[in-house]
Amino acid sequence: MRRRNAEGWFFLAPAFIHLCVFALIPIGFALYLSFFKVNLIRGEQSFVGLQNYSLAFAEESFLNALWNSAKFALMSVPFGLAIALAVAILVNQKLKGITIFRTIYYIPAISSGVAIAMLWIYVFLPESGMINTFLKSLGFSGSTDFLNNVTWAMPALVFMSAWTGLGPRMVLFLAGLVGIPPSLYEAADLDGCSKWHAFWRITLPMLAPTTFFVGVTSTISAFQVFTPVYLMTKGGPDSSTDVVGYHIYTEAWVNFNTGIAAAKSFVLLVAIALVAAFQFRLMRSGREGYAG
Amino acid sequence: MPRLGKVEYWLVTLALLGISAAFLTPFAVSLIMSVKTPAELNTTDIWALPQSPTIANYQEMLANPNVDFMQLLQNTILIATFSTLGAVVSSAMVAYAFARLKFIGRDKLFIILLSTMMLPGVVTMIPTYVIFKHLHWVNTFLPLTVPAFLGGGAFNIFLMRQFLKSIPMDLDEAAKLDGASHWLIFWRILMPLSGPALATVGVFTFIGAWRDFLGPLLYLNDVEKQTLELGLNTYTSMQTTAPWHLIMAGSVLVMLPLIVIFIFGQRYFVKGITMTGIK
C-alpha cells in the first residue's frame, strides 16, 4: 500500500510542480514584486510599499487601459457570440460536405497571428485597402484609415477578433445544438409554432449553459488581447486601443517599470476574478429563475 | 434540427458559400498578392489575377540575409515538437492521478487546477519572466519547452482526465488482482486505449506552440533563435516601407504548414473543444 501511494505522487508531481511554479508562485511573486521598485537590468530592487498601486491608480493611462479592455470585451463578446451562433445554426445541417465548411470557418482560429495581422492591416489600409476599394466601388468618396482613426480603430480590431475567434465558439455552439432533443421541435411544430418562435422559445433557452460558457471564456480572452494590438495599432491612435495586456507589457518591457507592471497585473487579476464571479452570479440567479 | 424544405436548402447553401467566400477573402487576396510583381501590385486592381505569376517574392524572402526562414522553421519545429511531447506525456500522467487515484484533497486540487485556466496570461508573464531571468533561461528555448513537461497545462489535463474517466475500471481491477503497479496499469493498459485523446492533446499543443507569439517575443531575443511567427514580425519591422508583395509571401509561407496540419488533425480539434464545453 505504501508503495502505491508513493507511485501515486509520482504521477501527480508534474502537475503539482506546474501548479505551484506557474500559477501559485507567480501570483504570489507578482504580489511581492508589486511592492518593490524593480530594476531587472541591474538586478536590484527597493521596497516602496503600496506606492506602485497608488501610482497605478493615479495614472490616467492605466485607467484608460482598463476601460479600453472593458470596452473591447463589451463589444466583442456579444458580437462574437451572435456570429458564432448564427454560423453554428447554419452548419448544423446534415448536408454532404458540411465538414468542409466547418473547417473553412475554423482556419482563421489556427492561423499564424502575425500573418493574419498583416492580412488585416492590408484589409483596413486607406485608399488601396480591401474595405476602402469596396466602398469606393459602391460609390462612396473619400477613404477611412481605420487603424489610425480614433473612432474606428477599436471596432476594427473587434471585427477582426470575431473573424479569428469564430472557430472554437462555433464548435461549442454546435455541441450545444446537437444536445437539444429534436422532440421539442417536433412538439412545437405540431402546435403550429413558427421557426422563428421555435428559435426564441426552444433553441436559445436550451443553449443557455453553452452560451454562458462561451461568454465567460470569450470575456477572459478579450481581456488578454495582445498580439493584434502589438502588431496593428501599438495601442494607438491616441491610446484608443491601449488594452490592459498591451499596457502591462509596455510598462514592463518598454518602460522597464517591472514593479509597477506587477502591481497593475495584480489589479487586473482582481478585476477579472470579479467579472467572472459576477457572471457566475448571473448564471446562478438565471437558473434559479427557471426552477422557480 | 428540423428537416429543410427545398427553398430553405438552397438558402442555407447560398449563405454557407457566401460566408465562406467572405471568410476566405483575406487569404485569397494574400495569395494573389504574393505572386504578383511589385510593379503589378501598384498598377492593377487587388482582385485582378496576376498576368505572369512569379515566385520571385518567395525566393527573395527565403534569401533574405537578416532573417533566415529555414532556421526559423527549424526552431519552430523543435519547440513545437518538444512542447507536444512534454504535454502529451505529462498531462496523461497527471490525469491518471486525478482519474484513478484516491488521495486527500483530490477534487479540491482539481478545481484549483481548473480555475488556473481562467488565469490571464498577462498576470503570470511578469513574475514568470523574472523567475526565468534568475535561472538564466532567457534567450533560450527552455522557457518555451520545459513548462510543457510539468503537466502540459490545465486544459490538457482536463481533457485527458475526462477521457480516462470514461474507460471502465474493469481492466484496472483485473490488472490489480494480478499485482500490477500503477505504472503498469497506466502504461500497458490505459495508454494504448487513449489514442484519440492523446492525439487531441498533441494537435492542440503542437498548433498552439507553433503559433505562440508572446512567448517567443519575451524569451527569444536573437534572430537566429526565433520562431516563424516572431521571425515574420522581425522581418516586417526591418523594412522601411511596407513591401506588401514580400510581406504577403512571408505570410503565406508561415501560414501554410499550420493549415496543412490542421486539415489533417481537425477532427481532434472539434472533439477536444466539445469535451471542454460539456460540463
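**Close-up views of a predicted two-chain model**

**View 1. A nonpolar surface patch on chain B.** Leu78(B), Phe82(B), Leu85(B) and Phe149(B) make a nonpolar surface patch of about 380 Å², where patch residues have over 30% relative accessible area and no salt bridge, and nonpolar side chains (Val, Leu, Ile, Met, Phe, Trp, Tyr) are joined within 5 Å. Phe82(B) lies in helix 4 (residues 69-100) of chain B, and is partly exposed, with a relative accessible area of 43% (buried means under 20%, exposed over 50%, partly exposed in between, with a 1.4 Å probe and protein chains only). This is a predicted model, in which local features need pLDDT of at least 70 and side-chain atom pairs count only at pLDDT 80 or more, while totals for chains, interfaces and linings use all residues. Residues are numbered from 1 along each chain as its sequence is written, and chains are lettered from A in the order in which they are written.

**View 2. The interface of chain B and chain A.** The contact (heavy atoms within 4.5 Å) takes 87 residues from chain B and 84 residues from chain A. The area buried between the two chains, that is, the accessible area (1.4 Å probe) lost on being put together and summed over both, is about 7,900 Å², of which carbon and sulfur atoms give 81%.

View 3. Gly49(A) is placed in the loop between strand 2 (44-47) and helix 2 (51-58) of chain A (DSSP runs, with helices H or I of at least four residues and strands E of at least two, numbered from the N terminus). Gly49(A) is buried, with a relative accessible area of 13%, and touches Ser34(A) and Phe35(A), not counting residues up to four places away in sequence.

How values were computed. Side-chain values use heavy atoms; hydrogens and water are left out. Patches are made of residues with over 30% relative accessible area and no salt bridge: like charges are joined within 9 Å, nonpolar side chains (Val, Leu, Ile, Met, Phe, Trp, Tyr) within 5 Å. Accessible areas come from the Shrake-Rupley method with a 1.4 Å probe; for residues, only the protein chains shown count as cover. A salt bridge is a side-chain nitrogen of Lys or Arg within 4 Å of a carboxyl oxygen of Asp or Glu.
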